[in-house]
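Me: I'm new to this one. Could you pick a single part and walk me through it closely, including what sits around it?

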Amino acid sequence: MYETEFITAGLTIIGGVTIYVIGELINQFLIKPMVGLKEEIGRVASCLVYYSSIYSNPGTASRDKQLEASNELRLRASELRAKMNVSDKWLRMHNLSKDKLKKASGGLIFLSNALFNGEAIENHQQRKEIENLLNIENE
C-alpha cells in the first residue's frame, strides 16, 4: 500500500538531485568561465580608457602613475590569459579565439612596457589592435 508512495517519493528525490547536480556542473564548467571572461574583457576596456592619458603621452606622467598604470595593464594581461579556459565553441560564437586572447594579452604587456618611453602613435595602434581582438567598442 505504501510501497508505491515510497518508490514515487524516492524517484522524485533522485530525479531532483540529478537535475540539481547537472545544473551545478553546467554552471561551474560552462557559465562561470564565460561570464568571467566577459567581465575580464570589460575590465580591459575600462583599463584602456582609464590609463589612455598615460600611454598616449609616454614619459610625461609621474613615476608613481606610470607604475600604477603599468602594473594594472600587466594584471589585466595575466587575468585575461588565466580566463582562457572557456570552450572554443563559445569563443567562436563571440568572434574570439585563444590566439586572439593571447595576442591581446601580449598587446597589454606591450602597452605596459611602452608607458615609460614608447611612442604615442605605436601605443594608440596597439590599443586599437587590442580593442579589435577583443571586440571592444570604445569610441
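Reply: Let's start where two helices meet: from α5, the residues K100, K103, A104, G107, L108, F110, L111 and A114 touch E122, N123, Q126, R127, I130 and L133 of α6. Sorted by class, the residues in this contact come out as seven nonpolar, three polar and four charged. Keep in mind that you're looking at a predicted model.

How do the two helices lie against each other? Their axes are 9 Å apart, and α5 and α6 pack at an angle of about 155°. Angles over 145 degrees count as roughly antiparallel, so α5 and α6 are roughly antiparallel to each other. Their crossing is left-handed.

Now stay with α5 itself. This helix covers residues 98–114, which is 17 residues. From first C-alpha to last, α5 reaches 24 Å, close to the 24 Å expected at 1.5 Å a residue. Its buried residues are L101, A104, S105, G107, L108, L111, S112 and A114. When you read those numbers, remember that an α-helix has 3.6 residues a turn, so residues three or four places apart point the same way.

What do the buried residues of α5 pack against? Besides α6 (120–133), their partners are α1 (3–50), α2 (52–55), α3 (63–82) and α4 (88–93).

S70 is found in helix α3, and apart from its neighbours within four places in sequence, S70 is in contact with S112, L115 and F116. S70 has a relative accessible area of 7%, and because buried means under 20%, S70 counts as buried.

N57 is found in the loop between α2 and α3, and its C-alpha is separated from that of F116 by 9.1 Å, although the two are 59 residues apart along the chain. N57 is partly exposed, with a relative accessible area of 40%.

Finally, back to α6, to look at its contact with α1. Here α1 and α6 pack at an angle of about 160°, with their axes 11 Å apart. That makes α1 roughly antiparallel to α6, and α1 passes α6 in a left-handed crossing. On the α1 side, V44, L48 and V49 make the contact, and on the α6 side R127, I130 and E131 do. By class, that gives four nonpolar, no polar and two charged residues.

Notes. Residues numbered from 1 in each chain as written. Predicted model: local features only at pLDDT ≥ 70, side-chain atom pairs only at ≥ 80, totals over all residues. Heavy atoms only, no water. Helix = DSSP H or I, 4+ residues; strand = E, 2+ residues; numbered from the N terminus. Expected span 1.5 Å × (residues − 1). Buried < 20%, exposed > 50% of the residue type's maximum accessible area, 1.4 Å probe, protein only. Contact = heavy atoms within 4.5 Å. Axes fitted to C-alpha atoms, helices over the stretch in contact; angles between N-to-C directions. Parallel < 35°, antiparallel > 145°, perpendicular 65-115°, else oblique. Left-handed = near helix turned anticlockwise from the far one by under 90°. Nonpolar A, V, L, I, M, F, W, Y, C, P; charged D, E, K, R; others polar.
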